[in-house]
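Good morning, colleagues. I shall speak about one interface and then about some aromatic rings.

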There are 2 protein chains.
Amino acid sequence: MTPTIPVANLHRFCTAALTAVGVGAADAKTTADVLVTTDTWGVFTHGTKSLRGYVKRLRGGGLRAAGKPKVLSDGPAWAIVDGDSALGMVSSVFAMDTAIAKAKKTGIAYVGLRNSCHFGAAGYYAWRAADAGLIGLANANDIPSVTAPGARTAVTGSNPFAYAIPAGKHPPMMLDMAISTVAGGKVYAARTLGKPIPGDWIVGADGKPTTDPSGFPQVGALLPMAGHKGYGIALLIEALSGVLSGAAITWQVGNWMQSDPSLPTRHGASFIAIDIDAMSSQGEFRARMDHLIDELHAAPKSEGSDRIYVPGEIEWGKRAVALQSGIPLPEDVLANLRGLADDLHLDLQTLWA
Amino acid sequence: MTPTIPVANLHRFCTAALTAVGVGAADAKTTADVLVTTDTWGVFTHGTKSLRGYVKRLRGGGLRAAGKPKVLSDGPAWAIVDGDSALGMVSSVFAMDTAIAKAKKTGIAYVGLRNSCHFGAAGYYAWRAADAGLIGLANANDIPSVTAPGARTAVTGSNPFAYAIPAGKHPPMMLDMAISTVAGGKVYAARTLGKPIPGDWIVGADGKPTTDPSGFPQVGALLPMAGHKGYGIALLIEALSGVLSGAAITWQVGNWMQSDPSLPTRHGASFIAIDIDAMSSQGEFRARMDHLIDELHAAPKSEGSDRIYVPGEIEWGKRAVALQSGIPLPEDVLANLRGLADDLHLDLQTLWA
């Protein structure tokens with residue numbers, strides 16, 4: 001077993017890697033906050049595992065270390081933000097913070113983001129709103145990896161969708177999902193390990209379900225969750241994050257892992273914040289959320305089940321353990337961090353120091 | 001085969017039934033617009049089939065024929081609307097129209113609705129926004145009928161979620177889905193016909209999947225689509241439509257079909273409108289949506305498929321046929337209309353006149 005890694009050490013390593021390639025201290029901290037928080041939730045497919053890829057693109061110039069997201073146009077309850085090819089974490093935090101500030105004045109706000117890149121876990125941005133006492137929604141588009149009913153190839157991204165809702169005595173309710181049956185990261189992980197996958201995750205080159213991940217994503221595609229429903233939600237996200245924001249859509253989006261690192265990927269994202277204080281009181285709203293959560297916990301269990309979880313509950317539990325005892329980073333994440341340390345001549349041992 | 005029914009005749013019959021029980025002309029027209037439009041889309045589970053139930057509740061007093069929805073509190077980009085126990089169609093049109101008007105000033109608006117009832121097809125309200133050139137989202141809560149991972153009984157409503165997005169040469173993209181694998185109405189329809197159902201629609205009293213709909217909904221529950229993802233979306237809808245709006249939530253919501261018709265059901269709903277004109281131009285946005293739709297249509301087809309549909313395309317196709325050739329109402333809908341005609345001593349033959 002891999003020894004666990006203290007949260008502060010992982011954060012420091014990420015910050016060091018980012019500043020080593022020219023990212024300013026504030027943006028490096030923002031990015032490390034997003035990635036390390038994601039790892040504390042146990043969402044290892046979307047945390048520091050991706051940092052090596054981001055750094056490669058920063059060195060290539062497709063991501064701009066000195067990029068500064070800015071508001072291109074705005075109104076009382078909306079803004080379109082140009083991410084300026086800064087790290088997706090930097091432009092997305094800027095965009096959600098813009099949405100939060102506007103929603104506090106008007107009740108709800110939408111911010112569309114263009115010229116972004118892969119932004120990691122959508123849930124982080126949604127949680128940022130919940131942490132400020134608002135309901136947060138975050139979603140993004142990506143290069144197509146998911147097929148649709150009647151199609152043989154990918155037609156939409158796995159287009160993450162996340163929300164977070166403040167509660168009272170309970171942690172925020174939080175869902176972060178891909179609209180595919182599973183995230184592409186899980187297929188990559190199986191491919192890396194040479195393991196077969198369940199039959200409802202992907203289709204092969206012939207458009208039929210397969211348990212062999214070895215060709216993905218060059219051939220075949222992920223299956224959308226719940227068939228036409230997942231496909232339909234993917235297109236709503238494409239409209240909100242890509243079409244309305246003025247970002248690239250579908251095949252215009254760059255592959256953040258495999259395309260020429262000197263090119264911007266032009267991902268889009270969108271963020272909605274809803275101000276509870278405007279419409280209710282924090283106390284009353286949170287008490288009602290607690291009531292809902294208590295009711296769910298108390299519902300009769302199915303055979304073999306001793307607990308009903310609410311969305312985010314597992315992640316908050318893992319985070320509490322990680323903050324106390326460190327993060328049990330899996331080997332595929334460590335392999336990426338090891339590669340990153342080699343790339344930049346950093347000392348990986350500081351993770352355990 | 002049942003002969004098809006001219007749209008105008010069905011609309012006139014609905015209006016006559018509603019005015020016969022004291023609903024004013026404008027509200028009767030609004031309600032008939034919603035229900036008949038839904039039937040033209042071929043969404044027969046949520047159209048005029050429900051009218052007999054609404055009329056029963058209007059006669060019982062739980063729905064108020066003279067109810068007048070009003071804005072309880074509001075701000076620049078939000079409102080909380082009290083439905084005053086008017087028909088769900090009347091209060092929901094009022095709420096979405098309020099959201100549209102506010103969004104045109106601020107860019108986006110949220111309207112939460114309390115003291116509503118079953119509102120029919122969520123897609124109608126989303127489409128109302130799209131028809132005015134905005135992106136529309138509509139959702140609602142309902143009495144629990146859907147279980148969750150780890151649970152044995154229903155814990156959330158089937159909580160409909162709908163969106164509609166304007167396009168250019170193509171009709172609006174439109175999705176209207178329940179967060180259950182299927183809508184409860186499909187299980188009722190199978191129960192009425194005494195037919196078995198697919199194994200992933202419901203669980204029985206023991207919490208295990210069953211193909212027997214005969215006990216539903218008194219025992220067992222619908223399964224959420226895509227497991228924890230559908231469950232998670234159900235809870236977002238509960239928060240937006242129930243908790244934030246100040247409506248009843250989960251088991252506090254009344255059963256609009258089976259509870260004492262003298263009691264209000266206190267359903268909640270929520271409506272979000274996003275003004276495309278504020279952030280883009282209608283022309284540019286619609287051209288980009290057309291590009292997306294054309295791309296989806298042109299994608300390689302899976303074996304046995306000759307067409308890839310975008311959300312709403314099937315419904316718009318059915319509507320075009322219905323407007324020209326009449327609506328092919330299925331027998332279960334006709335049976336309900338026959339019962340309604342008997343209840344109110346109306347002449348059902350006017351449907352074919």
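Chain A and chain B bury about 5,800 Å² between them, with 71% of it on carbon and sulfur atoms; buried area is the accessible area (1.4 Å probe) that two parts lose on being put together, summed over both. On the side of chain A, the residues that lose the most area to chain B are A:Lys229, A:Met279 and A:Arg288, together 12% of what that side buries.

A note on the source: this is a predicted model, in which local features need pLDDT of at least 70 and side-chain atom pairs count only at pLDDT 80 or more, while totals for chains, interfaces and linings use all residues. Residues are numbered from 1 along each chain as its sequence is written, chains are lettered from A in the order in which they are written, and side-chain values use heavy atoms, with hydrogens and water left out.

How many salt bridges are there between chain A and chain B? The count is 2, a salt bridge being a side-chain nitrogen of Lys or Arg within 4 Å of a carboxyl oxygen of Asp or Glu. B:Lys208 forms a salt bridge with A:Glu303, and their closest N and O atoms are 3.7 Å apart.

I turn to the rings. Over all chains, the whole structure holds 20 aromatic pairs (Phe, Tyr or six-membered Trp rings with centres within 6.5 Å; planes under 30 degrees apart are stacked, over 60 edge-to-face, the rest tilted). The ring planes of A:Tyr124 and A:Tyr125 stand at 80°, with centres 5.5 Å apart, so this pair is edge-to-face. Both A:Tyr124 and A:Tyr125 are buried, that is, under 20% relative accessible area (1.4 Å probe, protein chains only).

Key. Buried < 20%, exposed > 50% of the residue type's maximum accessible area, 1.4 Å probe, protein only.
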